[in-house]
Every structure is written in C-alpha cells, then in structure tokens.
Amino acid sequence: MKKRLYSTLLLLVCCTLTFAQARVQGVPRSDVKQPLMKARSATGIDFASIKYWVGTGSNRAALIVNWHDGKDNDANLVWGYKWEDGTAPSGETMLRAIAADDARFYMLLNSNTPYGTSIGGFGYDLNGNGNIKLLENGKEHELTDGVCDSDASFDDFTSNDAEDHWQSGWMKGYWSYWTADSENGTLGYASTGASGRTLTDGCIDGWSFMPISATTTDFSGDIVYVEKGAGEAGPYAKGTFFLNEDWYGHQNSTINFLSDDGEWTYRVVQKENPGHTLGCTAPFGQIYGDRFYVMSKQEKDPGDTTVGGRLTVLDAKTMKIIKQFQTIATDASGQSIADGRGFLGVDEHKGYVGTSNGIYILDLDNLELKGAVEGTGNDGGSPYEQLYNGQLGNMVRVNDRVFAVHQTKGLLVIDAATDKVVGNVAAPEGWGFGSVVLSKDGNLWLSVADPSGSGAADRRIVKLDPNTLEQTVINCPDSIYGPANSWYAWTPDAFCASKQQNALYWNGGESSWRSSYTIYKYDIDSNEFSTYLDFNDAEDGFYLYGCSFRIDPVTDEAYISLYKGFGDDTYVVRKYDASGSQLAEYPMIANYWFPSLPVFTDDEAPAVTAPEPVTFETMEPVTLSLKGIATDADNFDAAIVKTVKAVSNPAVVKAEMACGDLVLTPLGAGTADVTIGINSNGKTAECVLAVSVPVATAISGAGAGSTDGTDSVYDLNGRRTNGLQKGLNIIRTKSGKTLKVVVR
C-alpha cells in the first residue's frame, strides 16, 4: 500500500533567512546549517497500515527512511517497533532491532564517540537478492545483525550492490535525524543523536540523507509500508528456468519458469521488463552469484522488432534486466565479429564469455567487457569459417584452472588468475571434443565429436584428471551410443552429471541428427552403462528436443523438454527419478519454444567449516588438504573454488593454493591467521586458519648440516639450508666461527 505524504505547513522562513549553526545527530558542526523541512507533516503515516512490526508490547513507534537516491521513486520506507511498559528504548534501540530482524535493512554506525552513537549509513536490499556487503575503499566489512560498527570515515563506505538503496557519509553528506512525538505530529530536526533519543508511545523517527550543502529536505515521496518477508527471495527463487531458442524468424528468445509447485510463468523476461527481450537463438544461460547470464547468438531475431542483446544480465530472483550487450566484439567498422555461445562465472569479480570467436573477459563488478583471452579465437578464413570453425563450447572451472572446449583446438586449459592459455588437451586422433563435464568425484569427462559439424559421434568418452591432465579413454558397449554433439551451430548438449550419484547422463544415437530418442546413464563407480530413457516406441510421439535435459542437483530428478516434431507446437516438460520412472508431466501452452536447456535456481549458500589450527614442528613447508571445509547443497563440492584472501602476518608464513590444497611455508617465529575465500557458484564465504610457527632453531643448537662436510649454512631465521642461497647467509664453521656471506 502506498500513500502520499503531503505537507500541511508552509516553510516557516524564506530563502534569505540566516541559519544557525547546526548539530548533526547531536554533534556541533560549523560546516553545516540547520536544515528546514519542505514537507514537515507526518500525518500521512497510518500506524494501522504498518505491516512490518518488530518487538512486542503495547507501545509503538514508526521508522521512516528516505535515501533520496532516485531509486524506487524516492519512496519513504516505513517499519514499526513495539516495546513493553517499563522499558525506555532509544532511537538506536529501534534501529538495531529492525536491522537485526529485516535481512534487507542494514546500517553503518560508530558506537564509540563522545556524543553517543553516530549513524553513518543506511542500506536496503532493494532487489532482494541477499547480496549484502559493505566496502571501505574496496575492503570488505562484516555485518553483525545487519550492523557494521566502525570508526573509519563514513564517507569511504559503499555497498557492493549498486542496485541497493545505500547512502553514507559525514563530511560530504550526512543522515539528518527528524522526530515527531505523535502519529499526527510534525517532524522536527533533532538536536540529539539516536542513542540520546528516548522513544514514547506513538512517536515517529525519520532519517533523510542530505548533501553537505543542502538546507532543506523532505519526506514528500510515496510511503511504502515494508512487508515482512516480501522481496527477500523474489518470485523466481525456487524452481527451474527453461531457456528457449524460440521460433527463429518470428521472435526473440524467451525464458519460462516452472515453480517447485508445478506452475508455469511464461516469457518472464518480457513480463518483468515490458518492451525488452533477449537476443536471437539463445543457446546458454548460467546463474552465478544471484545473476542470470544469458547468451544469444545475435542481438535480434530477423522477425522481431525489438533489439535485445548477445549477452543479457538479469537479476536471478526478480528477472529484471541489469544490462544488455548488443555486441561482444567488433571490427574496425563496428561490425560484430563474435556471436554468443557459452558463459562461465570464473570468480566473484570475473566471468568468461564464450563466442564464435574466442573467450572474452567480463568484469562482473562493473559489467564491462575487458578484452579477450589470447589464443582462444579462431584462425581466420571466410566469415562462414570464422563462425562455424572456431566456436567455443562449454567451460568448467576446477581449482585454479578453467577448461574450455574449442571446436578445432581441443580442450583449452586456462590459468584463471592470469587469463592465459597454459595448456591444451588433444582429442583422440581424427576427432575433436564435444563438451566437458565435471562429475561428483572431481574428474572431468569429455565427449568425443566430429569438429566439422557433420553430427558424427564417437562411441568413447574421456576421463581427465584436472590436476595432472592424465587421460583415460573409456569405450561404450556396442548397445550404447556416445554423447551427441552440435558443432554445426553450437548449442550445449545433454551430457551432464548428477551431484548425488557419481554418474553421467547423455543423449545419443547413430548420429547427432538421430539422438533425440534415447538417454543413457553411466555409473562411474561400477563402470556400468545403461539406457535411462527410451522414446523410440513412445505411443504419445514425444521425444527430446535438442539438449534440454538436466539433473536437479538437490533432488537428483531429471527434467526433460519433449516435443512431437518441428511442425508441431505441442511441448511438455517431464520429471523422472534416478531410476527413470516418470514423476510428473507439465503441459505447456502452444508455441514453438525450441528449448535450449533447463537452468536450476541457486537457492543455497556454501556451508563452511574452519580447518584445525596448524602448528609447525619443523621449518619445512606443509600441504594441507582443504577437502571438506566447504560444501554446497546445490553445487558440486569439487566446483567450489578456494583462494587465499589474506595472511595477517606475512613475516610468519606464506600461504598459496595448489590444485585445491593449501601450501604453507613457515618464514619466521610467531602466529598468523590465513583467511581462505570460498566461492561456490558466485556465492562467497570465508574461514580463518590459525597458524603457529615456534621460535626458529638457534644456530648454536642446530645439528651439523654442511655443504662441504665442514661448514653449516643457515638463513636469517636460523633454518639450515642446503648451501649458499641468494641474499644474506650465516655460516657456522667447523672451528666455531660465525661468518656472514651475501650472495648477489
């Protein structure tokens, strides 16, 4: 419910009035002037209309916050607060209670000032994606019960989500505090801060952000009575998206949403973004970090009047368009040279955009393309050869590497930190790879395909160790076809893995053109192949369209899109259990959907367990397995990326990652905390490992360890070394002398 908050009183002074020195939340300030209220009355607030109440008791107060940031029509958000008789809560008490209860509302304050608590910033998760962090010049600050308590400059803080309401400051701008003693009272400028304000039954506290030079403010915007729980998950939080190529020559691509309750919402991009669409023939989409990245081959279907984008970035919970890229790369004349193919979230700051002409780097913080990964493009030729001879397929990240399937170059191995191609895995002689899949056990699996686009598929699959790159070729039985491929005009295939079982699934046939009637299953642990679904003799005439088949990571149920042929607009989605028994069918409205693939919502965050503290007994490096410190209910544990974020005392220990393990090298006596970053499909967490290095062994007490049988050599920390090292060396001679030798 929204109401207009109208002014009932005119300004009491004219613009020529000389203002007195003001207090900002009770703090005397000579650089600001006491502001006036343009719309002073609070009579537009109806306590009976407040929907979000925090606390219990017969006493009530209202909180109004206005960011004046131009978002959501500069509406006033309103909460309610209740308390029992016999208590005397302050304005700060109300703020903290609401921040602790409403996960969308957060604030920045300093509770340790001579004038009580100062409020430096307020935020509100306007898009409801739960992605809330505060950054001080790029440094992350933790929130406890929705509050960051810091004595750093309020002016240096920003929110990590540009879509949120967020304003903070003290010297460049500030939060002005306004109070009224009754529901129908008049908001007046407060001479005290929130900690010095005692609430009374029926009172109102208002907060309005003001530039430092402003002399007036107002609460004249719409009043929005915040609803409890509204917006925290969004309408598309739990279910399955179906990305559709849709009807080429007639309309741009679409996305349908199937809720966990079995209800369809059609064309959700158009529904949530009137007048906007995706691009043409969308083959791939990935949800990463609460955003939905959708790739389209071109920015517009020739039969559609709306221009979409080759890359569209959506809010995964609301499906609002955040940004669209009509082109990914262009030539000197501005013409596109790269059609959309796949996408991979590399880390929380970077993504890889796969195209018909190489991989391009997307800055996820600013949503800007930052050039290409060298060595991933095509090798020239005619425009047709460039489009259909050097395409990128799907991509997977494991530990510090990205593995990307290239139509003609095999499997590219890319350093995820440097964006450099560091290796290449060749396919069996005469063949190429079709796609790459990560299985539950942490191995990679590759389908073998004809890179020319003929549709021919081999009867082998290849297992690849992501750390050693060791290959194991596995032959399918005579009754089982290998995974189909689609290099003729790339779309992903149905080759995929179960998170709950160590098993692979794919569609196959005598060629990729005849691969829509059978789904196969491979149990990795038992090395057993089987037919999972067979539509060859289906009485209803349904069979798989394209590659629209995936396994739900949580339920282990298969979702598959079925149709009756290119000339029939009848489509259904079916759900099957792990044994292949049908669980449900979801009929669809008539349309030529031509679905690309199901995309499951990412509803879970990683759960993290801090590793046990490490105490060094020697000065030798140790390798610590991090397997098991993080898990995610809807993502492969092997896909969780671990990084070293910080070392509190770098003089004590060096910490670095190697193939998913943590390598610790002691450097000197003392203690240090190693902060380990966890990234699971774009959702992040941290844990801290405590490290202790005992006092370094003294030279006088060290055992003999010489380079020539006579003298012993040590570094500055008293560690025995194998001969002279670059830098300063300490030599203990057999005669007992101590020498210092510098090697340059």
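The second largest cavity of this predicted model holds about 40 Å³ of space. A cavity is a set of points, on a 1 Å grid over the protein atoms alone, where a 1.4 Å probe fits but cannot get out; grid points are joined across faces, edges and corners, and a volume is the space filled by probe spheres set on the points. Lining residues have an atom within 4 Å of a point. The second largest cavity is lined by Tyr-236, Ala-237, Phe-241, Ile-287, Asp-290, Ala-316, Lys-317, Thr-601 and Asp-602. This lining comprises 5 nonpolar, 1 polar and 3 charged residues, where Ala, Val, Leu, Ile, Met, Phe, Trp, Tyr, Cys and Pro count as nonpolar, Asp, Glu, Lys and Arg as charged, and the others, Gly among them, as polar.

Cavities of 30 Å³ or more number 2 in the structure. The largest cavity has a volume of about 1,100 Å³ and a lining of 45 residues, of which Phe-284, Gln-286, Asn-635, Phe-636 and Asn-681 are the closest to its centre. At least two lining residues each come from strand 23 (284-288), strand 27 (340-347), strand 31 (392-398), strand 35 (432-438), strand 39 (496-497), strand 43 and strand 47; strands are DSSP runs (E, at least two residues), numbered from the N terminus. By class, 26 residues of the lining of the largest cavity are nonpolar, 14 polar and 5 charged.

The volume of the second largest pocket is about 740 Å³, a pocket being an open set of points with protein on both sides within 12 Å along at least five of seven lines. Its lining consists of 32 residues, and Glu-245, Tyr-488, Tyr-545, Gly-546 and Phe-566 lie nearest the centre. Strand 43 (543-551) and strand 47 (595-600) are the elements that give two or more residues to this lining, and strand 43 supplies the largest share, 4 residues. The lining of the second largest pocket contains 16 nonpolar, 11 polar and 5 charged residues.

Strand 27 and strand 28 (residues 350-355) run antiparallel and are joined by 5 bridges; Phe-343 has Val-353 of strand 28 as its bridge partner.

Another open sheet, also antiparallel in its pairing, is formed by 3 strands in the order 11-10-13. Strand 11 (139-141) and strand 13 (157-159) each have a single partner strand, so one side of each is left without a neighbour in the sheet. Strand 10 (residues 134-136) pairs with strand 13 over 3 bridges in the antiparallel sense, and Leu-135 has Thr-158 of strand 13 as its bridge partner.

The average pLDDT of the chain, the predictor's confidence in each residue from 0 to 100, is 88, and 88% of the residues score at least 70. Residues 1-20 have a pLDDT below 50, and this stretch has 45 contacts (heavy atoms within 4.5 Å) beyond near neighbours in sequence. Residues 697-710 also stay under 50, with 24 contacts beyond four places in sequence. Where pLDDT is low, the predicted coordinates should not be read in detail.

Residues are numbered from 1 along each chain as its sequence is written, and side-chain values use heavy atoms, with hydrogens and water left out. In this predicted model, local features need pLDDT of at least 70 and side-chain atom pairs count only at pLDDT 80 or more, while totals for chains, interfaces and linings use all residues.

Terms used. Pairing = 2+ DSSP bridges.
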